[in-house]
Amino acid sequence: MVARYWEALKGVKDPEIPVLNIVEMGMVLGVEAEGKRVKVRFRPTFSGCPALRLIREEIVKALKEAGAEEVEVEEARTPWSTEAMTEEAREKLLRYGIAPPLPLPMAGEDPPCPRCGSREVALKNAFGATLCKMLYQCQTCGEVFEAFKTV
């Protein structure tokens, strides 16, 4: 029964990066079910995330569509890290044209271009369209791209 709810949560997309879901982002910490009552523990990518309310609503909606009658969403105060993202999430970002976050030991380095793979990139803005991304330009292919910040 719990597996069904985990599967339903995979349908909850990150509103700012719709190719990713909250499970592969490492935001869901646990799912418990007792009869038709479901409790989800999740952690936001950061506490000031403007999409937090929408994500909570989408969690409730997805679980009710999967058969839950009562849903409790508990927000954990455990810090989120890009290390919690699955390899699948990183690959999806790359295919979407966003450089995935670098591993923590490489956090200060510039990411390779997601289009051509070049390491010759220039930071254009430390703040992209959302707080979790930066804006770069590839010096090899000329493309401007976003990079997911490592946290």
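Which residue stands opposite V31 in β4? The residue is V40. The structure is a predicted model, in which local features need pLDDT of at least 70, side-chain atom pairs count only at pLDDT 80 or more, and totals for chains, interfaces and linings use all residues. Residues are numbered from 1 along each chain as its sequence is written, and side-chain values use heavy atoms, with hydrogens and water left out.

Strand β3 spans residues 28-34 and runs antiparallel to β4, with six bridges joining them. Helices (H or I, at least four residues) and strands (E, at least two) are DSSP runs, numbered from the N terminus. Strands pair if DSSP finds at least two bridges between them. β3 and β4 form a hairpin with two residues between them. In the turn, G35 has a positive phi of about 65°.

Strand β4 covers residues 37-42. Its covered face carries V38, V40 and F42. R37, K39 and R41 lie on the uncovered face. β4 also pairs with strand β5 (residues 70-75), in the parallel sense, over six bridges. Here F42 stands opposite E75. From β4 the chain crosses through helix α2 (residues 52-65) to β5, in a right-handed β-α-β crossover. Right-handed means that, with the strands pointing away from the viewer, the path from the first strand over the helix to the second runs clockwise.

UniProt, in an unreviewed entry, annotates residues 6-74 as "domain: MIP18 family-like". UniProt positions follow the numbering used here, feature names are shortened, and annotations may be inferred rather than shown by experiment. This span is 26% helix and 36% strand, and its end C-alpha atoms lie 15 Å apart.

Definitions and conventions
Buried means under 20% relative accessible area, exposed over 50%, partly exposed in between (1.4 Å probe, protein chains only).
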